[in-house]
Amino acid sequence: MSGTVTEQLIEDHLIEGQMEPGEEIALKIDQTLTQDATGTMVMLELEAMAVETLESELSAQYVDHNLIQEDNKNPDDHLFLNSACEKWGIWYSAAGNGVSHPVHQQRFGIPGKTLLGSDSHTPAAGAMGMLAIGSGGLDIAMAMAGEPYYVDMPEVWGVELRGELPEWCSAKDVILEMLRRHDVDGGVGRVIEYHGPGLEALTAMDRHVIANMGTELGATSTVFPADDAVNQFLTQQKREEDFRELRAADDAEYHVTETIDLDEIEPLIAKPSSPGNVVPVADIAGEGLYQAYIGSSANPGLRDFAVPAMMVEGRRVPPKVSFDVNPTSRQMLQNLTEMGYLADLYASGARVHQAGCNGCIGMGQAPATGRNSLRTVPRNFPGRTGTREDSVFLCSPETATASALVGEITDPRTLEDTHDMTHPDWTEPETIIVDEAALSSPPETPGGELEKGPNVKSLPDFEPVPEAIAGPVLMKVGDDISTDEIMPAGSDVLPYRSNIPRISEWVFDQVEQGFYKRAQEQGAPWVAVGGSNYGQGSSREHAALAPYHLGMRAALAVSYARIHWQNLVNFGIVPLEFAERADYDAIDQGDSLELPDVRAEMQDGSKVTVRNVTQNTRFVAEHSLSPRQVEIVLQGGLIEDYKN
């Protein structure tokens, strides 16, 4: 066996390819995860593929994003998802049961398994010694149907942890330190594997925090060993029989190495509007505060709520601060109640919301315009909260709670002087309440019909790529444009996740309000141009599907985020890369482009000719597709390829 945990996991599941960084490999997928904002498309894709039975060991569908029921759309989709689970034999986690990632770790996480999820934070399960990867929904549908998952073999980035975190610091500060060092694209093409003596002081849920936000570094995944901490977690969850030890060999070699001395970590915070914009909290202490928000998939552990509760015990948050508590599961709420922590949070003035993604995805708890919101969520992309002109900072539960108590951005270490407060002494309990009441197992005999409300629209057929593509650059954007900016989330938009014609009305709306009308007037085909790391962030394939519906047939970017690039391929949109940055700089929005021999050139090699008709210039772009992917995109995407 290979030396690193990552390589052991890949070797155990390798179907095709060589384990050389950059080479395309095919992996057997054991488990799949879908959530309601993306899962509706997965079920519609299974329908379009005419899949009769599933081949995955375990598939689980969570309802955690679209919980607001202001009309029929969300509850209709919940019924649709439940009917799909009955039809194909899938676990169903009902609305209110909790956020997919922590619930999946609690109930289904098993060391040594692979997990593919239609949510970009699926790598959180790497805390359990799993190889967990986020991808577009169509890749998950394929895995559910028994097809392998194709990905470029990543480098393994070994991060050695030494020492122990100081008081007032926690796991969130570790991943913020990684983002401070490497920004949002430092992990591209890599799996981050943590090792070293510093792991001993990190629980499985601490590791979940770090693995969850490895996604913000652009990493393919994050992996931890399955050691005593994982065994303790599974024992606490009454699943000790699922434990399997999985550690790196003593002589394991990593492609890239790094060391973090945990003793030197200080409270950190990511300023608006990027997870990579990280500074010490002390540098901006004293700035105003409107909202402090704890919870979400990036801080879902019991300690992430218990420590704030201990901090506010016997104290009140100023009325001008909205102190929002976002529980991550029913099980969490029951344990917080049993231990008395929920009462302490309520008594402090906290607003306690239902268990789910909620404000993290713009489903409620939006801040006031331009007012500072401190959040323990994984992302602070512009407008993600639902407020267009938001000002969101990412931080630990300790920093968010300290700031709520003081009424301004506060380094939690200063509470020892200002509030005569010692750091809460928290120890993870050996036994807790385990709740599975809202988790429905697959029926013994799957079958039945899909229950479609009026907002659920079946997928259209997809067209093969023509011999040539000619159209205007309808949108040009800069570096690090996220899928939240291509296809926003939020309570106005996500209820149309199963209705591509309607959700397309918000394409690029965060960049240009009313872009939809311009695209509708133009019609197909048109081209989008982007800078580096185009499409970072969420795995939602609507960021490819909705532009396709509006007529986008090709993209030109300096570089792509992995999941969005794959989603473009999956739906027959040609993803090209500029060979020279100067070619990107020279293009203006509105220029008319031609790809005169795109089909033949893609079949012949990696170079594609691009002619700028407006400027009467010509340059050569490139693509990074394997021969297998070339055939997929030319046929019109993965569904057409599967059917053929």
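Start by selecting residues 36-48: this is helix α2, which lies across β3 (31-35) and β4 (58-62) and runs at about 115 degrees to β3. Helices here are DSSP runs of H or I with at least four residues, strands are runs of E with at least two, and both are numbered from the N terminus. The angle is taken between N-to-C directions on a scale from 0 to 180 degrees, using axes fitted to C-alpha atoms, for helices over the stretch in contact, where contact means heavy atoms within 4.5 Å.

A quick word on what you're looking at: this is a predicted model, where local features need pLDDT of at least 70, side-chain atom pairs count only at pLDDT 80 or more, and totals for chains, interfaces and linings use all residues. Residues are numbered from 1 along each chain as its sequence is written, and side-chain values use heavy atoms, with hydrogens and water left out.

**The sheet**

Now bring up the strands around that helix. β3 and β4 belong to an open sheet of six strands, in the order β7-β6-β3-β4-β5-β20, with mixed pairing. Two strands count as paired if DSSP finds at least two bridges between them. Strands of a sheet pair through backbone hydrogen bonds, either parallel or antiparallel.

Which strands sit at the edges? Select β7 (131-134) and β20 (439-440): each of them pairs on one side only. Click Thr114 and you'll find Leu131 of β7 standing opposite.

**The pockets**

Show the surface and go to Leu199, Glu200, Ala201, Leu202 and Thr203, the residues nearest the centre of the largest pocket, which has 49 lining residues. A pocket is found on a 1 Å grid over the protein atoms alone, as an open set of points with protein on both sides within 12 Å along at least five of seven lines; a 1.4 Å probe is used, and lining residues have an atom within 4 Å of a point. The space in this one is about 1,200 Å³, a volume being what is filled by probe spheres set on the points.

Which element gives the most to this lining? Colour α8 (228-236): it contributes six residues. By class, the lining has 24 nonpolar, 10 polar and 15 charged residues. (Ala, Val, Leu, Ile, Met, Phe, Trp, Tyr, Cys and Pro count as nonpolar, Asp, Glu, Lys and Arg as charged, and the others, Gly among them, as polar.)

The second largest pocket holds about 700 Å³ of space. Val188, Gly189, Tyr560, Ala561 and Arg562 are the closest to its centre among 39 lining residues. Here α19 gives the most, with five residues, and the lining divides into 14 nonpolar, 18 polar and seven charged residues.

Most residues other than glycine have a negative phi, and most peptide bonds are trans. Let's visit some exceptions.

- Select Pro272 and Ser273: a cis peptide bond joins them, with omega about -5 degrees. Ser273 is in the loop between β13 (268-270) and β14 (278-280).
- Select Trp168, in the loop between β9 (155-162) and α6 (171-182). Its phi is positive, about 75 degrees. Buried or exposed? Trp168 is buried, at 1% relative accessible area (buried is under 20%, exposed over 50%, partly exposed in between, with a 1.4 Å probe and protein chains only).
- Finish at Asn533, where phi is near 55 degrees. Asn533 is also buried, at 5%.
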